Amino acid sequence: MSRRRNEDEDWDDEEWVEDDVDDATMPCPYCRREIQEDSVRCPYCERYLSAEDSPPGRRPWWILIGVLLGLIVVGIWLMVGR
């Protein structure tokens with residue numbers, strides 16, 4: 001915390017002013033630009049700073065194709081087995 005002086009150069013106990021502790025910055029781990037320490041996401045490169053904060057990603061396309069091919073194979077096996 002810091003203090004300001006009034007016009008008479010006397011210290012006044014009511015003149016306490018909070019320092020800006022919210023201005024603490026750090027470099028973004030991806031783009032290296034200065035961002036707020038409590039940021040969840042970089043405002044410049046728009047990447048999330050931790051895996052917990054990032055939204056769940058889409059499933060890879062090859063998993064969906066594998067599941068579809070597996071269902072087709074099971075369907076054909078069931079039709080042929082009758």
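1. Rings of Phe, Tyr and Trp (its six-membered ring) count as a pair if their centres lie within 6.5 Å. With that in hand, searching the whole structure turns up zero aromatic pairs.

2. A quick word on what you're looking at: this is a predicted model, where local features need pLDDT of at least 70 and side-chain atom pairs count only at pLDDT 80 or more, while totals for chains, interfaces and linings use all residues. Residues are numbered from 1 along each chain as its sequence is written, and side-chain values use heavy atoms, with hydrogens and water left out.

3. Now the fold. The protein chain has four strands and one helix, in the order β-β-β-β-α along the sequence. Both are DSSP runs: helices are H or I with at least four residues, strands are E with at least two.

4. How much of the chain is buried (under 20% relative accessible area, 1.4 Å probe, protein chains only)?

5. The charged end of Arg47 sits over the ring of Tyr30, 3.8 Å from its centre, and that of Arg33 sits over the ring of Tyr44 at 4.1 Å. "Over" means that CZ of Arg or NZ of Lys is within 6 Å of the ring centre and within 35 degrees of the ring normal.

6. There is one salt bridge in the whole structure, meaning a side-chain nitrogen of Lys or Arg within 4 Å of a carboxyl oxygen of Asp or Glu. Arg41 and Glu46 form a salt bridge, with their closest N and O atoms 3.7 Å apart. Arg41 counts as partly exposed because its relative accessibility is 39%, and that class runs between the buried limit of 20% and the exposed limit of 50%.

Technical notes
Rings of Phe, Tyr and Trp (its six-membered ring) pair if their centres lie within 6.5 Å; planes under 30 degrees apart count as stacked, over 60 as edge-to-face and the rest as tilted.
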